Each structure stands twice: as C-alpha cells, then as structure tokens.
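Visitor: I would like to learn how to read a protein model. Could you take me through one, feature by feature?

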Number of protein chains: 2
Amino acid sequence: MLHQMWQVTRDKASEIRPVVVAFRVSGANSQRAEIGRQIMDEKLKQYRESINNIDAALVFMLAERFKVTQAVGEYKARNNLPPADNARETEQIARLRQLASDANLDPEFSEKFLRFIIDEVIRHHERIREDAS
Amino acid sequence: MLHQMWQVTRDKASEIRPVVVAFRVSGANSQRAEIGRQIMDEKLKQYRESINNIDAALVFMLAERFKVTQAVGEYKARNNLPPADNARETEQIARLRQLASDANLDPEFSEKFLRFIIDEVIRHHERIREDAS
C-alpha cells in the first residue's frame with residue numbers, strides 16, 4: 001500500500017506530493033491507532049478474563065452457601081425453629097464489615113451485599129416452610 | 001438430685017410416689033430437651049461456621065473483583081473509553097446464568113447478583129471519572 005503511494009509521488013511530480021505525504025501521515029496514524037486499539041483490546045481482554053474467573057468463583061461459592069442455608073432452612077423447619085435470627089444477623093454483619101475493611105472493600109457495600117444474600121435466603125426458607133405445610 | 005427424690009419415695013409411702021414419678025419424668029424430659037437443644041445448637045453452629053467461611057471467601061473474592069474493575073475504570077478513563085459496554089454485559093450475564101445452572105444455583109438469582117455487582121462497579125467508575133475531571 002505504502003509502496004504504491006511512493007510510486008504515485010515519483011510519477012506525478014511535486015504538486016501531488018503534499019497530498020501523498022498527508023496520506024502517508026494519516027496512514028501511519030491510523031496504523032498507530034490500530035496498534036493502540038489492539039493493545040487496548042488485549043489489555044481489556046486480560047482484565048475481563050480475571051473478572052470472568054472471579055465471577056465463576058463467586059457463583060460456585062454462592063451455590064455452596066445456598067446449599068448450606070438450604071440445609072439450615074430444612075433443619076429449622078424440622079425442629080420448629082424460627083427462620084430468622086436477629087442476633088446472628090447482627091453478628092454476621094459486624095464480622096463481614098470487619099473482613100471487608102481488612103480486604104480494602106467498602107464496609108457499606110459488604111453490608112448491602114450480605115443483606116442482598118440474606119433476603120434471598122429468607123425467600124428460600126419461606127419456600128421450604130410453604131412446601132412443608 | 002434424683003437420689004434424693006428416691007429417698008422421699010421410700011420414706012413417705014405410696015401416696016407421694018405418683019408425684020415423685022411425675023417429677024422424674026418431667027426431669028428426664030427437660031434433661032432430654034436440654035440435650036436436644038445442645039445437639040441443635042451444635043448442629044447450627046457447624047452450619048454457621050461453614051457460612052462464615054464461605055462469606056469470608058466471598059468478601060475476599062469481591063475485594064479482588066473490585067480491584068480489577070477499579071483498574072479497568074482507570075484504564076478506560078485514561079483512554080477515553082466508555083464506562084459501560086452493553087455487549088460485554090450481555091455476554092457476562094449469559095455466561096453466569098450457564099455457570100449458575102451448572103452449579104445448581106437459580107440462574108435468575110445469578111443474574112440479579114451480577115446486576116447488583118455491576119451497579120456498584122458503575123458507581124465506582126463514575127467516581128473515578130469525577131475524580132479525574
């Protein structure tokens with residue numbers, strides 16, 4: 001491509017040269033932009049691979065957590081224990097906030113996160129009670 | 001305690017016996033109930049220890065995820081890339097739903113979970129943009 005452009009310059013004298021030069025610069029720029037874009041794509045791809053790995057770990061951890069809370073729900077229903085336990089929840093939140101702060105994660109977010117999970121657990125427990133009755 | 005009760009029975013003849021027997025049964029019941037409660041407490045304690053371990057893993061995983069998305073946010077801001085990427089989000093959701101289904105976790109919940117996390121990520125990215133401007 002560049003080679004052909006140089007031929008045009010040699011054949012058609014100086015009036016064409018500026019145009020061709022402009023072409024060359026813009027070609028180099030777009031080539032540089034293309035390389036830049038490839039580097040960016042590669043960089044984002046690497047980040048996204050890490051996020052994908054972590055998300056898989058989170059999903060499997062959550063699945064395991066719900067397995068345990070499912071067992072707790074069934075156990076509580078069988079033994080006529082109340083589904084919610086406020087003292088336990090308070091203790092869990094305090095613990096998670098401390099862990100979050102150790103891990104440099106916003107403690108507010110960790111609390112919101114736990115409430116999000118607990119709400120789902122309570123929905124599961126209610127379903128277990130309904131199924132049992 | 002039980003030994004003393006038997007002595008009462010021997011000393012005070014048959015009229016007292018039923019009362020004492022009733023006492024013994026109720027004592028045995030409350031003892032059995034106490035043992036039952038201890039077993040339940042121990043069982044719940046074991047479940048809760050598992051939940052605590054998993055929650056710690058989740059918090060540290062989330063902290064790591066936000067470290068990566070923080071880097072992505074800074075990278076996008078530096079390179080003037082848009083903070084949200086709908087195609088990427090759609091792909092992430094499809095992937096997580098599949099993983100959730102493999103792990104026997106409700107795919108609806110996994111999608112809600114990812115949205116919950118992404119909302120927080122977007123809040124972080126907006127903060128990065130504001131800090132940069």
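**Reading the model**

Guide: Start with one residue: A:N52 lies in helix α1 of chain A, which covers residues 2-78. Keep in mind that this is a predicted model.

Visitor: Is A:N52 buried or exposed?

Guide: Buried means under 20% relative accessible area. A:N52 has 15% relative accessibility, so A:N52 counts as buried.

Visitor: Which residues does A:N52 touch, not counting those up to four places away in sequence?

Guide: With that exclusion, A:N52 touches B:R88, B:Q92 and B:R95.

Visitor: And what about A:D55?

Guide: A:D55 is also a residue of helix α1 of chain A. Its relative accessibility is 3%, so A:D55 counts as buried. Leaving out residues up to four places away in sequence, A:D55 touches B:R65, B:Q92, B:R95, B:L96 and B:L114. B:Q92 and B:R95 are on the list for A:N52 as well.

Visitor: How exposed is B:A28?

Guide: B:A28 sits in helix α2 of chain B, residues 17-78. Its relative accessible area is 30%, so B:A28 is partly exposed. B:A28 can also be used to read a distance: its C-alpha atom is 66 Å from that of B:I128, 100 residues apart along the chain.

Visitor: How should I describe the relation between two copies of a chain?

Guide: Two copies are related by a rotation about an axis and a shift along it.

Visitor: What describes a pair of packed helices?

Guide: The angle between their axes and the distance between the axes. Take helix α2 (residues 86-102) of chain A and α3(A): the angle is about 140°, and the axes are 8 Å apart. α2(A) and α3(A) are therefore oblique to each other. The crossing is right-handed. Among the residues in this contact are A:L96 and A:A100 of α2(A), and A:L114 and A:I118 of α3(A). By class, the contact has seven nonpolar, three polar and five charged residues.

Visitor: What is the angle between helix α3 of chain A and helix α4 of chain B?

Guide: Each of these helices spans residues 107-132, and their axes come within 12 Å and cross at roughly 165°. The cut-off for roughly antiparallel is over 145 degrees, so α3(A) is roughly antiparallel to α4(B). α3(A) passes α4(B) in a right-handed crossing. The contact residues include A:F109, A:F113 and A:E120 of α3(A), with B:F109, B:F113 and B:E120 of α4(B).

Visitor: How do the residues of that contact divide by class?

Guide: Eight are nonpolar, none polar and six charged.

Note on methods:
Residues are numbered from 1 along each chain as its sequence is written. Chains are lettered from A and ligands numbered from 1 in the order in which they are written. This is a predicted model: local features need pLDDT of at least 70, side-chain atom pairs count only at pLDDT 80 or more; totals for chains, interfaces and linings use all residues. Side-chain values use heavy atoms; hydrogens and water are left out. Helices (H or I, at least four residues) and strands (E, at least two) are DSSP runs, numbered from the N terminus. Buried means under 20% relative accessible area, exposed over 50%, partly exposed in between (1.4 Å probe, protein chains only). Contact means heavy atoms within 4.5 Å. Axes are lines fitted to C-alpha atoms, for helices over the stretch in contact, and angles run from 0 to 180 degrees between N-to-C directions. Angles under 35 degrees count as roughly parallel, over 145 as roughly antiparallel, 65 to 115 as roughly perpendicular and the rest as oblique. A crossing is left-handed if the near helix is turned anticlockwise from the far one by less than a right angle, and right-handed if clockwise. Ala, Val, Leu, Ile, Met, Phe, Trp, Tyr, Cys and Pro count as nonpolar, Asp, Glu, Lys and Arg as charged, and the others, Gly among them, as polar.
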